[in-house]
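Good morning, and thank you for coming. Please look at the sequence and the structure as I put them on the screen.

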Amino acid sequence: MSDIIFSFGDFEIEIPQNSTFEKGKLSENFGDDLDQRINTYLNRNDSELINSFILPVSLTGNFFDFSGLIFAHHIRLSRNLKCCDVKVAFYGTLELTELLRLSPLARILITENVFYIDIAKHSFEEIIELIASKSKKINFQSILNQIQISPPSNYDGNHHSVDNEFALIQWSIQNGSYESLPDDFKKEFDSLLYFKYLRAKNPLSHLEIKTFEKIQLETSIKILLIDDESRKGWKDFYEFFFQKLSNKIDFQDIDIDFKNSNSLDRNELISTIISEIKKIDPDIILLDLRLLDIDIDNEKEPNQLTGIKILEKIKEVNNGIQVIVTTASNKVWNFKYANQKGALDYIIKNGFESPEVTLKKIRATIEYASIRAIYLKPIYNKMIKSLNSWNEYKLPKRKNLNDPMHDKLWHINLKLQVNDFIKNAFDTINNDSISERFTISTLLLFRVIEMMNEFYIMECGDYRDKTIQYFFDQDNTMVPKISKLKGQYIIDSKVQKGVQLSTKEKTMAIYHKTNKINPTLFDGIHKLTDYRNNVTIHPKKRFKEESLEYMYESDFNRFSNSLNIYFSAILDYVESFK
Amino acid sequence: MENVILIEDRTYRQRNLLGTKLIELNNYNLLKNISGGEEFTHLKEQMLKKEYSIFDKYSTILFHRSAFDTDVRNGIIEYLKNYNKKVVLFSGGITGAQLNKINNCEFMLINVTEFYSDNLLYFIANGADNLLELANGKNWKMSILLDSIQKVTLYAKGFEKKPWDIIDGELNLHDIIIDKYFSELTSKFITIEDFGDVLTKMNLDLKSNL
């Protein structure tokens, strides 16, 4: 057993001859932080043989760094070491009360198994006697309540990087990925006194590694991480986490040195990121809001944050990409703003909440985002393609403008209105805060076919006296009635006067005039109009209650298939006008 | 003449933490401030090629710890420790300011917020020679006084009469301590009583400043 005695600064203490005393000396690797040097010293192979430590208040040439007091905290908080409860005797010349006034770290001097000897009044022999006496069993919890350790004063003053790193430590321990984190960062995490303190204050309720329910995916999805701390462990954490959740998740990050980018080239940085996004084509993006030093200014408006600017650009690339904000900031207005700009959800990097609960939430968020992205991203791509085609299409001039059924103004704006209605239908379905989004979106799509019908088909006569007849506006030819019989579409070109055509029949007729029969499209139009008629606008009596339930359906899973069918039909229809 | 070099890769952070004091700092002729940009990129390339002699003309070298990766940083430290220089590494994730000496080279590791403070200007204004000024600002003498009281107290235990020259070599006290408390004793054999008197004066000064 040995008793370790440390000198201070360049002063050498003479140790008693033939004693168990050993001179303590920290490594001279001055590129390492004091915490790392102390941690390395304590993790020596024979640490279980240490009987006691005798320390000055400061080990270095700067008295006010209180490095001796920091050393004692390391001893107590390194619970993995057998020497964590040994006696610690301090020597110094200041009064204990003065030390307590100078630094909160001095509180350790009044905890169990720690002694402070004023060397002006007592001899070294007294210290030796003190450490030779039997040591008390300590109550660690009580010590933990007595000591106080402040976080390193990071430049932002908000300790966000501490939150960020502590979350990474806790989460990766909980899911078993800690060992896969980069060595440099594990070294820092393992040695930093503040993290030892936080880990002692926030012990994981269950130390065993948790596995989380797998995500069942219909198809492979790509998840992209955009985070300035990505290569400081987050990439490794997510990679491990997602691999365990599904073998259909392809995860990658954007490797950019964010901290070395300044405000002057921020636009260039954003452009580079967007180019990468277009290349990678992700379904889900985990996006940090504060990526550059300029984002740390507390006075910054949310719209000035680099992450928000990237979010806006992502939504221009493909509004169906699901963006989840990941941040150590807890500023509610930032989340609110990100949500308004199209972010689906957020993950707060906070190691103080139960990691198990947080990881479950992340899993659920990823699962939901995956389902949404699988449907919404292709729909968005198709929408852009269809609307581009529609916008290039030269709208014919209406020939029967005197028809009182038609408003001249909207005919002029038909192209614009089709764009607006379809885009609004997409934005509505993509907005989780609208509970009846499925119904609204469907009605907006229905309005598109109604507008088309009104533009292309002229009605003559009145259905009430059975004189109604339908003609195409362009050539005054009769509109045929297309109906489905035993799985086949039957076209009746000579429709009798008085036979009323439904919205879907008109739409099929318009499509048939420019193209041919498209059973998929017709089926989609049929389902869309049925939903509109039977559930929302003219619900049958016995369906009324059920209809209400449908109208307020908020489970994306339940309406995603129908949604896909409706959008596909409308977009194919719009694109057919060439 | 420039004899202090400050190397920072995170320009915005320097600007943000120093504010208008950055202009004042850059006005000191003895300081070469490399803050990001092409000059930093060029310096980084030189460091990768182990061209450390660029530091030869500077007596004080201040740099952001993470501006260079671990291998490069260790290479720089290994080179500088053989010279009589002051080397300061500042960083965000560390606590306080630790001062260490190896050979004739003094090393300080300091938190970035404490680094970019009034203390930096005070340190530069006084010639950038006393690292305790950087760590403690105008309180730097207190740190030396506390350190010296400990040294003298321990040294005086079991002390036998010795000439000042020997004591000077063994105690290695700072010049300001010698000037203030030992100037009248340097020509004679020092006794335990002399140490007692010196410690009384030192403690009185300490109490009046604490």
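Predicted model: local features only at pLDDT ≥ 70, side-chain atom pairs only at ≥ 80, totals over all residues.

Residues are numbered from 1 along each chain as its sequence is written, chains are lettered from A and ligands numbered from 1 in the order in which they are written, and side-chain values use heavy atoms, with hydrogens and water left out.

Let me begin with the domains, whose bounds come from an automatic or database domain assignment. Chain A is assigned domain 1 (2-146), domain 2 (160-372) and domain 3 (393-575). Taken over C-alpha atoms, the centres of domain 1 and domain 3 of chain A are 82 Å apart. Chain B is assigned domain 1 (4-129) and domain 2 (141-209), and 34 Å separate their C-alpha centres.

I turn to the second largest pocket. A pocket is found on a 1 Å grid over the protein atoms alone: it is an open set of points where a 1.4 Å probe fits, with protein on both sides within 12 Å along at least five of seven lines, and its lining residues have an atom within 4 Å of a point. The volume here is about 1,200 Å³, where a volume is the space filled by probe spheres set on the grid points, which are joined across faces, edges and corners. Of the 39 lining residues, Gly9(A), Asp10(A), Gly61(A), Asn100(B) and Lys101(B) are the closest to the centre. Which helix supplies the largest share of the lining? That is α8(B), with 5 residues; helices (H or I, at least four residues) and strands (E, at least two) are DSSP runs, numbered from the N terminus.

Next, consider two residues other than glycine with a positive phi. Phe66(A) has phi near 50 degrees and sits in the loop between β3 (50-56) and α2 (67-77) of chain A. Asn103(B) also has phi near 50 degrees, in the loop between β5 and β6 (105-111) of chain B. Are they buried (under 20% relative accessible area), exposed (over 50%) or partly exposed (in between), with a 1.4 Å probe and protein chains only? Phe66(A) is buried at 6%, whereas Asn103(B) is exposed at 53%.

Finally, the structure holds 0 disulfides over all chains, a disulfide being a pair of cysteine sulfur atoms within 2.5 Å. For Cys84(A), the nearest cysteine sulfur, that of Cys83(A), is 6.9 Å away.
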